[in-house]
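Please look through the two chains below before reading on. My notes follow as numbered points.

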Amino acid sequence: MDLIFLVVAAVVVLALFFDFTNGFHDTANAMATPIATGALKPKVAVGIAAVMNLLGAFLSTEVAKAISVSLIHEDAQATLFVGVTGAQMVFAGLTGAILWNLTTWFLGLPSSSSHALFGGLIGAAIAFAGMDAVNTPKVLEKVVIPALFAPAIAGLAAFLATRAAYLITARSQKARSKSGIGTGRNKFKIGQIFSSSLVALSHGTNDAQKTMGVITLVLVAAGFQSDGNHVEFWVVLTSALAIALGTYSGGWRIIKTMGTGLSEIRPAQGFASEVATGVAILASSKLGFALSTTQVASGSVIGSGLGRKGGAVRWSKAGQIVVGWLFTLPAAGIVGALSAFLVKAGPVGFIADAVITLAAIIAIFQISKRNKVAHHNVVSEIEGASEVVASPRQVRKAAAKAAKAAAKAGKKKGKK
Amino acid sequence: MLEILNKIEWTALGQVFQATMVFAVGVVGIFSLGIRLLTNAQHAVPGANKGKTSAVRAEVLNRLGAYVAFAVCLVALGWGITLVAPWIFGIEDAK
């Protein structure tokens, strides 16, 4: 059998596996808040998320094209990007991304699978052909700058939307006592059914396309496809199925591990943050920005936490999250470059890289099977983000505790 | 570095910013209005006012307003999705 066919097949399988883990990992982004507020039963939520991811994958191919066409320089594409070398480069980048993703998942570090993918590919490209191979302006435009801005944009939108929701539904003390009228904010739960579906849909749109982009990249490199300006239908179909399956099987994780931060989210906040997340991701997908859906969802959760009066930021947790965001791309780049050096070394290196990745996948799978509910390796970024803002109740609790401690200290002094 | 930054299409990012702000705050605001009106409607006819025309009218108007608000949200949702995937309604992408 042709070597090139083998390499391409390996890339397709790995890319679909990556897609599956992406769905597995990100079920929480769409469904953690509606489950937390009780808007949706866990099993229903996970089912909806899977279907919406499947549908979303068919919506658009802008992001896939951005990956397959623009990230690597055209000159470099022409010379380096033909035949086995190009396919091997994509293989190295992909294994780097998967290794980085599995490691961070195992250690419980916040990480974005999208950034791991880009980091891995860029690192591999640099290792193969030097800095010139990478289309730096395009990488900045399509990946780095959206990565920095999108979570902030979604966060600000969620903040303002939450403020608006609370203002509009507020009732004066007088009206409340006169007719017993409430704010009706629990009705936001019905809105959450739609808004969380929107998030799942936009996730399918943006994240499944990253897989499509990688597969298209390798098909072009291997000469099985003339250019990267379209995506083959079987690529769309398999990517859609992989992400939907991953989403569905990722459900048990969020059902079993609902953290304390998420339980403080109210329906109005959940609705506002989901709408902001969904809109920000869809708008970015439309323009071909390949952003991290997890980061956008985290930004929204933080924004909506702040939007409710009386919340407080826990800066140390916020810092942890931001560091994780900035760290992923370069770190995955290094792992991608290392894989690339292995692959470049010859057939033995190629096989070694494949074996290492396969071993890591099996090891992590075994470990996660053994302790399914261990908290440290199943914590989701969304949950981390939800702990960044202390809810009014938590602030009051902390204040009461501090007051108690102060009173105690005061008494002691008095005794002296 | 500056040269690279100049090459970047900042307008696209600006579009994402605008779309997110307008859509997110708009849809959430209108949905909230719907919830307020629906809650109004549910409290428009308390026991003492049973049968009073004005109270019934208030209920109907509030309920109607609420449904209009929810419908606007649904339309916005559908429109947003067609922007991303114009082919759904057979519209060719401008590109």
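Does A:L237 count as buried, partly exposed or exposed? A:L237 counts as partly exposed, because there are 14 C-beta neighbours inside 10 Å. The cut-offs are these: a residue is buried if 20 or more other C-beta atoms lie within 10 Å of its own, exposed if 12 or fewer, and partly exposed in between, with C-beta atoms placed from the backbone. A:L237 lies in helix α10 (residues 233-249) of chain A.

1. Basis of the model. This is a predicted model, in which local features need pLDDT of at least 70, side-chain atom pairs count only at pLDDT 80 or more, and totals for chains, interfaces and linings use all residues. Residues are numbered from 1 along each chain as its sequence is written, while chains are lettered from A and ligands numbered from 1 in the order in which they are written.

2. Confidence. The predictor gives the complex an ipTM of 0.86 and a pTM of 0.84. Chain B has an average pLDDT (the predictor's confidence in each residue, from 0 to 100) of 81, and 74% of its residues score at least 70. Within chain B, α2(B) has the highest confidence, at a mean of 90, and α1(B) the lowest, at 65. Where pLDDT is low, the predicted coordinates should not be read in detail.

3. Overall make-up. Chain A has 18 helices and two strands. Chain B has three helices and zero strands, in the order α-α-α from the N terminus. Helices (H or I, at least four residues) and strands (E, at least two) are DSSP runs, numbered from the N terminus. Buried residues make up 58% of the 416 residues in chain A. For chain B, 28% of 95 residues count as buried.

4. Sequence range of contacts. Two residues are in contact if their C-beta atoms, placed from the backbone, lie within 7 Å. Take the contacts with a separation of 6 or more. In chain A, residues 24 or more positions apart account for 89% of them. In chain B, the figure is 57%.

5. The interface. On the chain B side, 32 residues are in contact with 42 residues of chain A. The elements of chain B that give two or more residues to this side are α1 (2-7), α2 (10-43) and α3 (53-84). The largest share, 22 residues, comes from α2(B). By type, the chain B side divides into 22 nonpolar, seven polar and three charged residues. Here Ala, Val, Leu, Ile, Met, Phe, Trp, Tyr, Cys and Pro count as nonpolar, Asp, Glu, Lys and Arg as charged, and the others, Gly among them, as polar.

6. The core. A nonpolar core is a set of buried Ala, Val, Leu, Ile, Met, Phe, Trp, Tyr and Cys residues joined through C-beta atoms within 7 Å. The largest has 140 residues, of which A:V11, A:A157, A:A161, A:V218, A:A280, B:A24 and B:V28 touch the most other members. Helix α1 (residues 3-37) of chain A gives the most to this core, with 16 residues. Not counting residues up to four places away in sequence, A:A161 touches A:A272, A:V275 and A:A276, and on chain B it touches B:A24, B:V25 and B:V28.

7. Helix α3(B). The 32 residues of α3(B) should span 46 Å at 1.5 Å a residue, and its end C-alpha atoms are 47 Å apart, which agrees. The expected span is 1.5 Å times one less than the number of residues. In α3(B), B:A66, B:F70, B:C73, B:L77, B:I81 and B:V84 are buried. Their cover includes α9 (188-221) and α13 of chain A, together with α2 of chain B.

8. Enclosed helices of chain A. In α6(A), 16 of the 17 residues are buried. Just after α6(A), A:G130 takes a positive phi of about 80°. Helix α14(A) is largely enclosed by the rest of the structure, because 14 of its 15 residues are buried. That helix, residues 293-307, reaches 21 Å from its first C-alpha to its last, close to the 21 Å expected.

9. A loop residue. A:A290 lies between α13 (267-286) and α14 of chain A. A:A290 counts as buried, because it has 26 C-beta neighbours inside 10 Å. Leaving aside neighbours within four places in sequence, its contacts include A:V63, A:S114, A:K142 and A:K210. The C-alpha atoms of A:A290 and A:K210 are separated by 7.4 Å, and the residues are 80 apart along the chain.
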